[in-house]
Amino acid sequence: MIKRFTYAEKGNLLKKVTITEVAEHAGVSVTTVSMVLSNKGRISPDTIEKVNNAVAALGYVKNRSAANLRSNSSEIIGLILKDISDPYYAQVAAGLCEETEKQGYMVFLAQSGESDEKFEHCMLTMARQGVGGIAFCPNNENQHVNADVLKAHKLPMVCISRASLNQQIDYVGPDNASAAKMATEHLINQGHRRIAYVGGKSSSLCRAERVGGYCSTLMQFGLPLKPEWVIECDAGQAPAADAVQALLATHPQITAVLCHYSSTAVGAVQGIARVGRSVGEDIFIGKQLSIVGFDAVQDAELTDPPITFVNSDAKEIGRQAAKRLIEQFEESDTIPRKVIVAPTLTNA
């Protein structure tokens with residue numbers, strides 16, 4: 001049943017109830033109401049009940065902005081992403097939102113794109129809006145994050161990145177070298193001895209860390225390390241299919257491919273099919289190749305057979321970033337820390 005309000009009742013709903021009116025309704029002082037609402041001081045249970053009943057009866061809504069200014073705190077956390085449509089960072093945002101909401105905070109989201117100027121504008125806007133802290137993802141892996149400039153905002157900060165950054169600021173991210181080592185060892189344990197790496201650009205710090213883990217593992221097991229088997233290509237399935245097709249046409253002895261992006265792994269399946277081979281674990285019969293990718297997304301679930309992925313849990317990275325940020329402004333912990341989320345091996 002839908003409740004119908006009279007004109008008088010509608011007027012009361014639209015009217016902003018003051019803390020003074022709550023005090024008068026409850027028969028207590030304004031200071032007592034303020035102490036009950038902020039959960040401070042020693043107030044008797046009967047008085048707390050009177051105040052809460054008055055709040056409910058009058059429909060009082062606490063002025064959060066004014067309270068934040070008085071206490072120099074905020075219930076809003078800023079999050080700056082380069083591209084909110086990126087599946088990886090969408091998961092980061094989901095994890096961060098889950099954790100902040102669980103602890104009573106909300107997220108103010110902004111998108112910076114490729115521009116350093118836009119990134120700084122997002123940072124300044126959030127600072128002016130009175131956020132309690134800011135978690136941010138650099139515009140690119142090679143962006144120089146000026147810690148002194150960020151600290152000038154006098155806000156807790158956490159950098160979320162796919163590659164390690166040597167900055168005097170809190171950092172949360174994956175262990176790319178360990179992830180590549182795990183992926184390479186998995187392929188070696190399957191019997192592969194000729195393993196290629198496809199995807200990413202040489203300018204990428206994330207790729208450099210992964211290729212480093214891949215190379216060191218091959219050397220550890222005494223396996224061939226050939227520069228021509230390490231191929232750059234753009235993100236996306238089409239560039240990956242072309243790159244893998246060309247690689248296998250030139251080097252048919254390759255039996256496994258380590259793929260930099262999840263889209264590279266999905267595209268590699270098509271590239272393998274183009275040279276008359278298939279994806280699987282049987283490297284001796286049927287000319288099959290194995291594929292391992294990084295950071296699976298939903299699109300990878302449709303591959304047959306399923307692709308193996310090494311995942312650095314993006315949602316967990318977001319959760320850890322939120323926890324670290326909240327620790328900073330609730331405990332005044334200003335010592336920069338690095339939080340690394342360990343990888344796991346799984347099928348899509």
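Student: Which residues does Ala235 touch, not counting residues up to four places away in sequence?

Tutor: Tyr261 and Ser263; touching, or contact, means heavy atoms within 4.5 Å. Keep in mind that this is a predicted model, where local features need pLDDT of at least 70, side-chain atom pairs count only at pLDDT 80 or more, and totals for chains, interfaces and linings use all residues. Residues are numbered from 1 along each chain as its sequence is written, and side-chain values use heavy atoms, with hydrogens and water left out.

Student: Where does Ala235 lie?

Tutor: In the loop between β7 (230-231) and α11 (237-250). Helices (H or I, at least four residues) and strands (E, at least two) are DSSP runs, numbered from the N terminus.

Student: Why is Ala235 called partly exposed?

Tutor: Its relative accessible area is 49%. Buried means under 20%, exposed over 50%, and partly exposed in between (1.4 Å probe, protein chains only). So Ala235, at 49%, counts as partly exposed.

Student: Okay, what makes α6 oblique to α13?

Tutor: Their axes come within 6 Å and cross at roughly 45°. Axes are lines fitted to C-alpha atoms, for helices over the stretch in contact, with angles from 0 to 180 degrees between N-to-C directions. Under 35 degrees is roughly parallel, over 145 roughly antiparallel, 65 to 115 roughly perpendicular, and the rest oblique. The angle of roughly 45° therefore makes α6 oblique to α13.

Student: Which residues of α6 and α13 make the contact?

Tutor: Among them are Tyr88, Val92 and Leu96 of α6, and Ile317, Ala321 and Ile326 of α13. The contact residues divide into nine nonpolar, four polar and five charged.

Student: And what makes α2 oblique to α4?

Tutor: Helix α2 (residues 19-26) and helix α4 (residues 45-58) pack at an angle of about 120°, with their axes 9 Å apart. That angle makes α2 oblique to α4 too. The contact includes Val22 and His25 of α2, along with Val51 and Val55 of α4.

Student: Which residues have the most contacts inside the largest nonpolar core?

Tutor: Leu79, Leu96 and Ile160, in a core of 21 residues. A nonpolar core is a set of buried Ala, Val, Leu, Ile, Met, Phe, Trp, Tyr and Cys residues joined through side-chain atoms within 4.5 Å. The elements giving two or more residues to this core are β1 (76-81), α6 (87-102), β4 (157-160) and α13 (314-331). Helix α13 supplies the largest share, six residues.

Note on methods:
Ala, Val, Leu, Ile, Met, Phe, Trp, Tyr, Cys and Pro count as nonpolar, Asp, Glu, Lys and Arg as charged, and the others, Gly among them, as polar.
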